[in-house]
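Hi everyone, thanks for coming. I'd like to walk you through one model today, so please have a look at the screen.

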Amino acid sequence: MKRRNLLAGAASAALAGPALAQPARNRVLTMVPQANLTSLDPIWTTANITRNHGHMIYDTLYGVNGSFQVSPQMAAGHVVEDDGKTVIITLRDGLKFHDGERVRAQDVVPSLTRWMRRNPMAQKLATVTDAVEVVDDKRIRFRLKKPFPLLFQALAQVSNSPAFIMPERVAQTDAFTQVRETIGSGPFAFKTDEFNSGSRVVYTRFADYVPLSSGTPSLTAGPKVVNFDRVEWNIITDAATSAAALQTGEIDWYEQPPPEIQQLLRRNRNVKIEAIDPLPLTAVLRFNHLHAPFNDKKLRQALLPAISQADFMAAVVGDEPQNYDAQCGIFTPGTPLANDAGMSVLNGPRSVDRAKELMRAAGYTNQPMRLIGPTDILAPSALTQVGADLVRRLGFNADIVLTDWGTTVQRRTSREPVDKGGWSMLLTSFSSFDFVNPAAHFPLRGNGTDAWFGWPNVPRLEELRDSWFDAPNLAAEQAIAREMQTVALDELPYIPVGAYKSITALRSNLVDRVSGLALFWGIRRT
Amino acid sequence: MWAYIIRRILATIPVMAIVALFVFSLLYLSPGDPAAVIAGDQATPDDVERIRASLGLDRPYLVRFGAWTWDILRGDLGTSIFTNLPVSTMIQQRIEPTLSLMIVTLILAVTIAIPMGVVAAWKQGTTIDRCVMAFAVLGFSVPVFVVGYVLAYVFALELDWLPVQGYTPISNGFFPWMENLILPAVALGGVYIALIARITRASMLEVLSQDYVRTARAKGAAQPSILFVHALKNAAVPIVTIIGIGFAGLIGGAVVTESVFAIPGLGRLTVDAILRRDYPVIQGVILLFSFAYVLVNLLVDLSYTLFDPRIRY
């Protein structure tokens, strides 16, 4: 007997009554997202789940496709004047917010101003900007101190607080305070009355959204055509329950099944497994440069012969080499700036004994070190386990501190030495978008105490980053990228420990998914 | 009686105050930083500091505790650091699933466990008794999540009789509501059935050896009447006590069950809040649980008068 609705059927017979109008089941798409949506402001937090929420309800002036080509999205086009020091962007017709108001330049300017306080590339833009101003209702003007070749690339960023356009009153919120409204201009409207953080997030198709009339949907570029009336994110924290719900058809899409669950789902012909993004996430082994033992460059370098990227990656994605890259440098493999400069230190035969010799030569005499890491986040947890095994095999006097993520992210802010609660090493991973170029590449910064946790002081990396912003073309960017990688693999602000694809699982009858991240335009049910 | 009830209710005030102080201090001292969680993996230390300041988390302990206490006294549980929603709203959203799960579980446990315990005591030493006790040991021994997964696999995935996960509010109809609760209640109920059945059996064995039971038998009273009218009522005080304690224990069990069956209840809310250090939510929910625990104990104490007329307050 296949009668899931046994009780419901009995109930409908016994308790027939009026029901609220609901969209047909096939017009609803239900997904288990990668994490719970807690914060609703994608500028305030850089959490990936909030970024995905941002792409649902907000739109950006420019989009970027899977080949990293930028094209207008909310913009109709732009004019560059004054040798590149003045840029005027015109909004396209028909843009509306979810409350019915028109999108005007007066909304765009405070949105960009707020964004320029938080996004790393936009912060750089801000240093060369005299003013962002309203020309009229449909036009905004950048007045720059000098040309900024990456302006449109910055406006089209997909991750790390993208340049989402909000209504003027919302965008005037301080950049370090969370906005209180969820009125956007994107293809979906947020259902505030149905939001239950930790349980369910609901979006409805925004009927007044006008997609681009031409082009091909690819990442955030091209027409954002929505084929579902309603999208529901069901927050299910248990992987086995999520997998069971996908198999029974209670949900349509499970964004990030862990490797052991992927094996189970592969056996179900109603479910398909694929990489959510053709580009991989990159994993890093980060040193604390402020204190011993890893304030010593020679000791950092001593670890290199023992680093096997394949070991780290197998722990994250399982024994499936097609899902990882074990020759990963400092930029996301498969992107224009990825290169092989200086990679000889990570390729070739691996040797723990050789690493031990180098440690002795570097003068390591059993000083204590502390590895910190989480147990409740899949990839960083697996990476940390491999890291812990490595430092033990190398003979470090290691204190391994495994905690929940909330504790790890606090402990990594400590700038104290190990004997006062500080840390020496941590492992984590970053989305493919973060390492596409030097702009948002936090672990690559060498600006000392202002750098990302670990605080390396490598002035040459900062010089190269500055020159990259001024690079006139891709060839120049690539040349700088090669030099950055050479310097990075010598100074070792961190060691790249591989790149892996994030795998997603969805019902087989869902087609035309836009790859890159969990995006809900283009996708449809057959 | 009323004076006793009022006394007990007044006695909850210092208890709640101590709980509030303890919870706030514990959270203050424990590691973890909501600003770092909010800022995300890519944030710089400077970003984290600025967010911490904007949330008021850089204020001294006494200032924060004073502000929180003042809000509590005014009936304001505060606002979630992450969602910007009032904690009271978040609790309202989550209380129905948890209460539903606990009530259905308790009803299920009591209706199954008490007859089991009574019959086991009646048939002491027989195969029936041994079966009941074996079931009780099993109920204690198998973790809730294991039972949950097995039930979900059999009844949802294989037989397709019931949903794997989720919760339907009772306002959408009794049967849809019940459909989502059957598997979680059975999974969660196992341990309580075992607990109540064992206590019922032990208590009944003591009562069944009393003179008045022998007298009832001598007078020709029917066996069901002896068991359920004469003996059970006199054995009820320890059973009711264990049901009360079990209710408190359900709060903990609900956390696991809600995770396995994706029920959006208070258990999940608490765990999520702890993991991301959402202090106002943790404090609000623990205060609520403490109050519920005190209230249940009061009701249990009062219920003794129904079963034993010698007890007077």
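Let me start with a term: the radius of gyration here is taken over C-alpha atoms, and the globule rule is 2.2 Å times the number of residues to the power 0.38. This is a predicted model, where local features need pLDDT of at least 70 and side-chain atom pairs count only at pLDDT 80 or more, while totals for chains, interfaces and linings use all residues. Residues are numbered from 1 along each chain as its sequence is written, with chains lettered from A and ligands numbered from 1 in the order in which they are written.

So, chain A. With 526 residues, a compact globule would have a radius of gyration near 24 Å, and chain A agrees, at 24 Å. The C-alpha trace of chain A spans about 80 × 70 × 40 Å along its principal axes. Chain A contains 15 helices and 21 strands (DSSP runs, numbered from the N terminus: H or I of at least four residues for helices, E of at least two for strands).

Now, where do the chains meet? In chain B, 49 residues are in contact with 51 residues of chain A, contact meaning C-beta atoms, placed from the backbone, within 7 Å. Elements giving two or more residues to that side of chain B include α7 (144–158), α8 (174–208) and α11 (236–260). The top contributor is α3(B), with six residues.

Residues 9–29 are 100% helix, with end C-alpha atoms 31 Å apart. Residues 281–307 are also 100% helix, and there the ends lie 39 Å apart.

Note on methods:
Two residues are in contact if their C-beta atoms, placed from the backbone, lie within 7 Å.
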